[in-house]
Amino acid sequence: MAERVQAIGGAAASELVDAFAERDPTSLYVHIPFCRSRCFYCDFTTYVAPRPEVDAYLNHLERELEMLGAKTRTSLQTVFVGGGTPTFLTTGQLDRLFQAIHHNFRLVSDAEVTVEANPGTVTPEKLERLAAAGVNRISFGAQTFDESLLLAIGRSHDRAAIEESVRLARESGFSRINLDLMFGLPDQTTDAVRRAVEACLALDVPHLSAYWLKVEPGTPFARWHDEGLLALPGEDAEAEMYELVRDLLATAGLRQYEVSNFARPGEEARHNLVYWRNEPYWAAGVGAHGYVRGRRTANVTSLVDYAKHVASGALPVAEVHDVSPAEAAEDTMMLGLRLREGVHVDTFRRRHGALPAELFPEALARLEAHGLVETTAGHVRLTHRAYPVANIVFEAFVGALTAPDDAAH
Ligand SMILES: C[S@@+](CC[C@H](N)C(=O)[O-])C[C@H]1O[C@@H](n2cnc3c(N)ncnc32)[C@H](O)[C@@H]1O
Ligand code: SF4
């Protein structure tokens with residue numbers, strides 16, 4: 001389908017450039033698709049598999065890292081090992097994984113290396129070996145501190161395991177610790193959200209992510225929702241929970257720097273900033289998504305397909321999408337507006353060859369008129385009140401330049 005051709009200061013959307021498209025990624029995401037059990041809300045690529053399968057997966061992952069490493073020309077600034085549950089791996093398996101990463105990629109000396117972990121899956125030995133392998137940031141999924149709610153959402157740990165895991169991480173020398181929380185969970189009260197935030201603050205972690213529950217198709221939650229069995233708090237109560245999280249964390253000095261992320265100054269997740277600034281990254285592992293030299297890729301999601309591809313010497317890519325310069329400009333807006341700092345107008349112009357206001361005059365005028373977006377000090381950003389309805393803002397850029405004429409608004 002032809003892209004909508006829109007006049008932009010004498011140019012057309014189809015003539016746009018992405019001056020950053022050829023930049024080499026300096027970030028790497030590695031996916032570990034195993035969990036002890038599957039939580040009822042989760043649709044991430046993950047499997048409950050026996051140990052030998054994990055070993056086989058690591059063999060294939062080593063091969064993929066080797067193939068990707070051969071394509072790199074630049075050192076990595078950030079590495080993120082996510083899941084699934086990376087710490088489901090044994091100490092020996094984690095050692096192998098990090099040997100493969102270090103063997104195939106160069107990391108700058110102060111690289112940020114994050115590992116996702118589930119409460120109750122870390123031991124002092126495992127944490128010490130991770131630290132020795134260069135890991136300097138650890139992210140635990142806590143979700144809630146309410147025992148019955150932990151059970152109701154299918155978590156395999158209790159509150160004490162969250163507190164104990166954070167304590168062990170600290171004792172092994174980790175200071176950069178994140179906790180994930182979720183709100184809008186079934187039967188969750190605003191008070192339970194308050195208690196969860198207070199429990200995180202009591203643990204004095206420097207970073208917190210707070211996610212609004214999304215009922216994902218294909219999950220048990222989706223099925224129960226369809227059957228009328230999921231007692232969600234409701235939009236108003238959920239928005240109130242979000243406001244409460246924002247208020248409590250702001251008061252405690254954890255600055256909101258993204259729609260769902262809060263940190264003490266200097267503790268922001270550098271790896272995730274790469275995504276929100278629409279910068280490129282390598283991706284390895286089953287189901288992993290990458291963005292390299294203007295091309296978005298999605299790896300196969302089945303362990304069997306993954307093994308077949310890699311064993312035959314091919315990258316395990318299922319989908320490739322060449323991002324046009326116009327689409328890249330839409331992405332820069334959608335992703336950048338997630339950040340408190342917003343989209344830096346000058347960087348945007350250097351990358352895309354025009355100002356946001358020149359490329360998206362209608363969308364920006366409409367959003368500004370509704371008080372959802374503002375331009376101040378060289379940045380386009382969300383207004384304070386736009387946060388609970390941020391999706392409306394992001395949607396305004398979907399297809400703004402790339403939708404075919406008849407679909408354009
Ligand atoms: C990659 S996941 C899992 C990390 C780790 N395995 C864990 O659960 O502790 C990262 C985070 O995404 C959030 N998450 C997962 N599914 C979600 C959903 N359906 N809606 C909102 N947040 C979700 C959870 O807070 C989770 O900790
Ligand atoms: S432990 Fe994390 S990745 Fe695994 S099923 Fe639960 S939320 Fe998903």
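Which residue just after α3 takes a positive phi? Keep that question in mind during this tour of a predicted model, and begin by selecting the helix that leads up to the residue.

**Stop 1: helix α3**

Select residues 124-132, which form helix α3, and colour K126, L127 and L130, the buried residues of this helix. If you look down the axis of α3, these buried residues fall within an arc of 95°, so they line one face of the helix. Now show what covers the buried residues of α3, which includes α2, β5 (107-117) and α5 (159-171). Step just past the end of α3 to answer the opening question: the residue is G134, whose positive phi is about 100°.

**Stop 2: helices α1 and α2**

Next select residues 51-69 for helix α1 and residues 91-104 for helix α2, whose axes come within 9 Å and cross at roughly 10°. Because angles under 35 degrees count as roughly parallel, α1 and α2 are described as roughly parallel to each other. To see where they meet, show V54, L58, L61, E62, L65, E66 and G69 in α1 together with Q93, R96, L97, A100, I101 and N104 in α2. The residues of this contact divide into seven nonpolar, three polar and three charged.

**Stop 3: the loop between β4 and α2**

Move to T87, which is found in the loop between β4 and α2. Is T87 buried or exposed? T87 has 26 other C-beta atoms within 10 Å, and therefore counts as buried. Then draw a distance from T87 to C35: the two are 52 residues apart in sequence, but their C-alpha atoms are 9.0 Å apart in space.

The loop between β4 and α2 also holds G84, and a cis peptide bond with an omega of about 25° joins G83 and G84. For comparison, most residues other than glycine have a negative phi, and most peptide bonds are trans.

**Stop 4: the two ligands**

Now select ligand 1, which has 17 residues around it, with Y41, G141, D180, Y211 and K214 coming nearest. The elements that give two or more residues to the shell around ligand 1 are β4 (76-83), β6 (137-143) and β7 (177-183). By type, the shell around ligand 1 contains six nonpolar, seven polar and four charged residues.

**Stop 5: two aspartates with positive phi**

Follow the chain to D187, in the loop between β7 and α6 (190-203), which has a positive phi of about 65° although it is not a glycine. D187 has 13 other C-beta atoms within 10 Å and is partly exposed. Go on to D204, in the loop between α6 and β8 (207-212), where phi is again positive, at about 60°, in a residue that is not a glycine. D204 is exposed, with 11 other C-beta atoms within 10 Å.

**Stop 6**

Select V304 in helix α10 (residues 303-311), which counts as exposed with 9 C-beta neighbours inside 10 Å. A line drawn from the C-alpha atom of V304 to that of A396, 92 residues apart along the chain, spans 39 Å.

Finish with helix α14, residues 361-369, where the buried residues are A363, L364 and L367. Seen down the axis of α14, they fall within an arc of 95°, so they line one face of the helix. These buried residues pack against α13 (356-359), β16 (373-376) and α15 (390-395), whereas E362, A365 and A369, on the other side of α14, are exposed. Just after α14, stop at G371, which takes a positive phi of about 70°.

Notes: Residues numbered from 1 in each chain as written. Chains lettered and ligands numbered in written order. Predicted model: local features only at pLDDT ≥ 70, side-chain atom pairs only at ≥ 80, totals over all residues. Axes fitted to C-alpha atoms, helices over the stretch in contact; angles between N-to-C directions. Helix = DSSP H or I, 4+ residues; strand = E, 2+ residues; numbered from the N terminus. Parallel < 35°, antiparallel > 145°, perpendicular 65-115°, else oblique. Contact = placed C-beta atoms within 7 Å. Nonpolar A, V, L, I, M, F, W, Y, C, P; charged D, E, K, R; others polar. Buried ≥ 20, exposed ≤ 12 C-beta atoms within 10 Å, placed from the backbone. Arc of directions from axis to C-beta. Near = placed C-beta within 6 Å.
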